[in-house]
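Look at the structure first, then read the points below.

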Amino acid sequence: MTLHIGAAAGDIAPVVLMPGDPLRAQWAAGRFLEDARCVNRVRGMLGFTGTWRGNPVTIQGSGMGMPSLSIYANELIRDYGAQTLIRIGSCGAMQHHVAIRDVVIAMTASTISTPSLGIFRELNFAPCADYSLLEAAVAASRAQGARTHVGNIYSSDVFYDERPDLTEQMTRHGVLAVEMEAAELYTLAARHQRRALAILTVSDHLLTHEALPAEDREQSFADMVEIALEAAFA
Ligand code: HPA
C-alpha cells in the first residue's frame, strides 16, 4: 500500500497501462484482461490487474494532468516496481494533416511544466519515449489500419489555454498534438530507467474545431488498448 494506491505488494504487474479516466481502466480490464480484479479504489482512481495472453497486466487510472499522473506513476515505479508504463489517452490535433480519430504516438513531449524546470533549470530536457515500445506500437497501429503519426507532442498544464501565440509557434514547429500527461511520464521513466510510451487518439482539433463523436470514443479507446498491449509484449 502507498499513500494513493491500496494494492498489496505483488498486486501490480510489471506492465501498466494508464488511461486518464479510471472508468476507462475498469472498462478495458473487463474487455481485454482475463481474471481481472480490482487492486485500487483509493479516491476512486480505479486500478485492475489480470492477464493478457497469459501475461500479467495492470490498468491503472492516472487522472488528468501531470501532477495527478506523477503521483500514480511515481508510486507504481518506486513502490511497486512497474517496468513498462504506457499512457493511453486523447489529444487535440495541432496540424492540418492530423485528423480526428488518427493515432498519435509521442516520440517526444515538449512542456513548460514547472517540476521539470525546477529540476533541470537551464537545461531544456527533452523527454522521449522508449524506442522499443515506440517501434512496436507504430507497427501495431499500422497493422490495425489506423492513420498513425509519430513525433513531438505538447504536454500542457491547462486544458483551457490562454496562450494562442505558443500554440501557433508549436504548430509552426511541427508539434502534432496537445495532451496533459506524457512529458511527466517520460521524465519519470528516464529518471528511474523504465520504459514509457504515450499512445493517443485525436479527440478534438485545435485548428478546425472538430471533435470526435461520443459514439466513436469507445472504439478509439479499444484500438489504443490493443496497440498498447501488442507493444508491451512485442
Ligand atoms: N488540450 C489538452 N489536452 C487535451 C486536448 C486539448 O485540446 N484534447 C485532449 N486532451
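The axes of helix H4 (residues 131–143) and H7 cross at roughly 135 degrees and come within 8 Å. H4 is therefore oblique to H7. The model is predicted, so local features need pLDDT of at least 70 and side-chain atom pairs count only at pLDDT 80 or more, while totals for chains, interfaces and linings use all residues. Residues are numbered from 1 along each chain as its sequence is written, and side-chain values use heavy atoms, without hydrogens and water.

**H4 and H7**
- H4 passes H7 in a right-handed crossing.
- On the H4 side the contact (heavy atoms within 4.5 Å) is made by Leu 133, Ala 136, Ala 137, Ala 140 and Ser 141.
- On the H7 side it is made by Ile 227, Glu 230, Ala 231 and Ala 232.
- The residues of this contact divide into 7 nonpolar, 1 polar and 1 charged.

**H1 and H7**
- Helix H1 (residues 22–32) packs against H7 (residues 214–232) at about 65 degrees, with the axes 11 Å apart.
- H1 and H7 are therefore roughly perpendicular (65 to 115 degrees).
- Residues of H1 that meet H7 include Trp 27 and Phe 32, and residues of H7 that meet H1 include Phe 221 and Leu 229.
- The residues of this contact divide into 7 nonpolar, no polar and 5 charged.

**The ligand**
- Residues around the ligand (a heavy atom within 4 Å) include Cys 91, Phe 159, Met 180 and Leu 206.
- A ligand nitrogen atom is 2.7 Å from an N or O atom in the side chain of Asp 204.
- A nitrogen atom of the ligand is 3.3 Å from a polar backbone atom of Gly 92.

Notes:
Axes fitted to C-alpha atoms, helices over the stretch in contact; angles between N-to-C directions. Helix = DSSP H or I, 4+ residues; strand = E, 2+ residues; numbered from the N terminus. Parallel < 35°, antiparallel > 145°, perpendicular 65-115°, else oblique. Nonpolar A, V, L, I, M, F, W, Y, C, P; charged D, E, K, R; others polar. Polar contact = N/O pair within 3.5 Å; in protein donor to acceptor, adjacent residues only side chain to side chain. Left-handed = near helix turned anticlockwise from the far one by under 90°.
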